[in-house]
Amino acid sequence: MGITQLVMLLLCGLSLPFCTLSSSHSAEDKLAIARFQQYLKIATAHPNPNYKPAQEFILSQAGSVGINTQVLEFTKGKPLILLTWTGKDPSRPSILLNSHMDSVPAEADKWVHDPIGAVKDNSGNIYARGAQDDKCIGMQYLEAIKRLKSQGFQPLRTIHISYVPDEEIGGMDGSEAFVKSKEFENLHVGFVLDEGQASPNEHYRVFYADRIPWRLIIKATGAPGRGSKLYDNSALENLMKSMEVIGRFRSAQFDLVKSGMAEHGEVIAVNPVYVKAGTPTPTGFVMNLQPSEAEAGFDIRLPPTADPQLVRERISEEWAPAARNMTYELMEKGPLRDIQGHLLLTVANHSNLWWLQFEKAISAAGGKLGKPEILASTTDARFVREKGIPAFGFSPMSNTPILLHDHNEFLNEAEYLKGIKMYIAILEILSSYTETVDDIAHKDEL
Ligand SMILES: [Zn+2]
């Protein structure tokens, strides 16, 4: 061990699991890491994502790889970049790898490194907004294709990669518009991989469904009164009763998670996000007056396995009952069923050939998969699942703290490089398979 390596090892100190010696990477790997850093340095955070330089960077990378490029624009100023590697048999259903170019904002003063600096520390951790969510996968897709091409590999199925805008603000002008378009129809997509999340242990996480967001606003009214008087049916009393009932439901759902009977993504989450009441004064609120109106807002997340009708009934009968002078507004941000009426999820078992191939690819590349999960939040994958197209959420980041949308988001360079290997195996295996469920059942019988 040379002096430099010894110093680096000492510098890595306690963070040894995330520690790698940069000097051990090949020239090809070093270039791949530099390209990742370059992409991270492009400012695509909301509220003003600068998509133009991201578009130019992706197009130049795709040009050097030698695959077809298209820029679609469903809303002016919001480009969607589509790359295509045509397979030997384009009549077969294609594979689509999706990632989003935008990211949430970062509070730079709370970070140890500049959130758009893509600084790599001595442990090989690369800090930037988007390092985990999800510029990593966007670049890993391209790196995998680059390496497969240099090995002379030719896919049987066509492979598409999409870089979409606006995922972090709902995807209406990005993925949603794309998936509903004629251009998407023409791609004949059979399977989609979209973003997942980091895993703090050695198992990669894979998501077969997202929870669907609902927004609920409940409003209470009642006669106004003196601050000193006890009387029935004041607006705030009615609202407080609802808050108690909703709180009990929330606790019961959370108890399932705490006891280990359910994962976070499998329960209905109800979280209060604001409460509005009172009569404001220039310095605060009027203190001797009970107001005649009060309202509260809730973020609700439903797994596709929940019965939406039961939740709707609960809201109208218990959470905001007319009998307590209450009204409500419910915004359901997407269905829990696909266009054929099936649950909005992708089956992750042996009846799904894509799942079988995916599992095979991860183990062929030396990765380990955790138990498939429902994502607690929401991604663009819901739009393709609505069409009945199988889609998994997967971002290959093991032994990595979950830092999406958090301060000091980072990804270690070694994990990033390992992720490229996962996508090489995924693309090789998923783009080539020709077996049917019957072939596999037959093999199992032998
Ligand atoms: Zn994301």
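## Around Asp102

Asp102 touches Thr44, His46, Pro49, Pro165, Asp166, Glu167 and Glu168, leaving aside residues up to four places away in sequence. Keep in mind as you look around that this is a predicted model.

To find Asp102, follow the chain into the loop between strand E3 (94-100) and strand E4 (119-120). Asp102 counts as buried because it has 25 C-beta neighbours inside 10 Å, and 20 or more are needed for that label.

## Its partner, Glu167

Glu167 sits in the loop between strand E6 (159-164) and helix H5 (172-179). Is Glu167 buried or exposed? Glu167 is buried, because 24 C-beta neighbours lie inside 10 Å. Not counting residues up to four places away in sequence, Glu167 touches His100, Asp102, Gly174, Ser175 and Asp380.

## The nonpolar core

Now for another part of the picture. The largest nonpolar core has 104 residues, and Phe36, Val192 and Leu427 touch the most other members. Which helix gives the most to this core? That is helix H11 (residues 413-430), with ten residues.

Leaving out residues up to four places away in sequence, Phe36 touches Ile126, Cys136, Met139 and Tyr416.

Note on methods:
Residues numbered from 1 in each chain as written. Predicted model: local features only at pLDDT ≥ 70, side-chain atom pairs only at ≥ 80, totals over all residues. Helix = DSSP H or I, 4+ residues; strand = E, 2+ residues; numbered from the N terminus. Buried ≥ 20, exposed ≤ 12 C-beta atoms within 10 Å, placed from the backbone. Contact = placed C-beta atoms within 7 Å. Core = buried A, V, L, I, M, F, W, Y, C linked by C-beta atoms within 7 Å.
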